[in-house]
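I opened the notebook today to look up a few things in one chain. Here is what I jotted down, in the order I looked.

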Amino acid sequence: MKKQPNNPFKRLSIAPVQTPEPDDHSLFRGEFKDVAPIKQDKITPPRPSSKKISHLQHKKQQENIETKQALASFHFSDGFEAYFSEQGPLKYIKPGKPSYEVKRLRRGEYPPDLILDLHGLTKENAKLEIAALIVAAKKQNAHCVCIVHGLGSLVLKNAVPNWLVQHPDVEGFHQAPLEWGGKGALLVLIEQPESFTDLF
């Protein structure tokens, strides 16, 4: 058999050219090609003057001094033990004050304006916190406060009532209703100016 010569015009099979798919970055840039960046505002806010800064610092120092003076003005004694009736819940009313105020505490008619939790504090720290609470209550016209002493080893539960009866600004207190801590807390009435207490 005769061999055919190579034909230079022989048709070659050509595979179709695969065009690469655009990646996500290119698609994203294509979508936002007409978006122009926003020029950032370069205006800086005015800084407070040194006079204003010194006034604020002075005011803060003055408040710290007043708080420390208030705390130092009254000291609770651990040697004083008041008499409390063992019948019924723990309660106290300052001599000369109407007894119905304590009953209102028992019924929950006075929701506390401030709450102090003494959990985890030593006796000395608890004294300071209670003194600071009374100062804050006077300053903020808070007539009723709640002191959560907990139960635990009964150290603070026994000490807190004996401290409170010593303070001249404490009108009275009563074991808190369940919603405010029950046997682990006291609702305390803080004496306020007559014009303020008349609102109640």
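**Entry 1: H174 and its surroundings**

I began with H174, which touches P89, L90, K91, V102, L105, R106, A185, L186 and L187 once residues up to four places away in sequence are set aside. By contact I mean heavy atoms within 4.5 Å. H174 sits in strand 4; helices (H or I, at least four residues) and strands (E, at least two) are DSSP runs, numbered from the N terminus. H174 has a relative accessible area of 3% and is buried. My scale calls a residue buried under 20% relative accessible area, exposed over 50% and partly exposed in between, using a 1.4 Å probe and protein chains only.

Before going on, a note on what I am looking at: this is a predicted model, in which local features need pLDDT of at least 70 and side-chain atom pairs count only at pLDDT 80 or more, while totals for chains, interfaces and linings use all residues. Residues are numbered from 1 along each chain as its sequence is written, and side-chain values use heavy atoms, with hydrogens and water left out.

**Entry 2: the chain as a whole**

I counted six helices and five strands in the chain. Read from the N terminus, the elements run α-α-β-α-β-α-β-α-β-β-α. Of the 200 residues, 29% count as buried. I also looked at contacts between residues at least 6 apart in sequence, and 71% of these join residues at least 24 apart.

**Entry 3: the sheet**

In what order do the strands of the open sheet lie? I read 1-4-5-3-2 for the five strands, with mixed pairing. Two strands pair if DSSP finds at least two bridges between them. Strand 1 (91–93) and strand 2 are the edges, each with a single partner strand, so one side of each has no neighbour in the sheet. On average, neighbouring strands are turned by 20 degrees against each other, direction ignored.

I then followed strand 3 and strand 5, which pair in the antiparallel sense over five bridges. In this region C144 stands opposite L189 of strand 5.

Helix 4 packs on the sheet and touches strand 2, strand 3, strand 4 and strand 5; its direction makes about 175 degrees with that of strand 2. Helix 5 also packs on the sheet, touching strand 3, strand 4 and strand 5, and its direction makes about 10 degrees with that of strand 5. For such values, axes are lines fitted to C-alpha atoms, for helices over the stretch in contact, and angles run from 0 to 180 degrees between N-to-C directions.

**Entry 4: helix 4 against helix 5**

At what angle do helix 4 and helix 5 pack? I noted about 40 degrees, with the axes 11 Å apart. The two helices are therefore oblique to each other; angles under 35 degrees count as roughly parallel, over 145 as roughly antiparallel, 65 to 115 as roughly perpendicular and the rest as oblique. K123, A126, K127 and I130 of helix 4 meet V155, L156, A159, V160, W163 and L164 of helix 5.

Helix 5 is largely enclosed by the rest of the structure, because seven of its 10 residues are buried. Those are L156, A159, V160, P161, N162, W163 and L164, and they pack against helix 4, strand 3, strand 4 and strand 5.

**Entry 5: the nonpolar cores**

Which residues touch the most other members of the largest nonpolar core? Among its 27 residues, they are I130, V160, L164, F173 and V188. I take such a core as a set of buried Ala, Val, Leu, Ile, Met, Phe, Trp, Tyr and Cys residues joined through side-chain atoms within 4.5 Å. Helix 4 gives the most to this core, with six residues. Another core, of nine residues, lies apart from it and has Y110, A176, A185 and L189 among its members.

A185 is in strand 5 and, at 0% relative accessibility, counts as buried.

My last stop was P112, in the loop between helix 3 (100–106) and strand 2. P112 is buried, at 13% relative accessible area. Leaving aside neighbours within four places in sequence, P112 is in contact with C144, V145, C146, W180 and L187. P112 and L187 are 75 residues apart in sequence, yet 7.1 Å apart in space, C-alpha to C-alpha.
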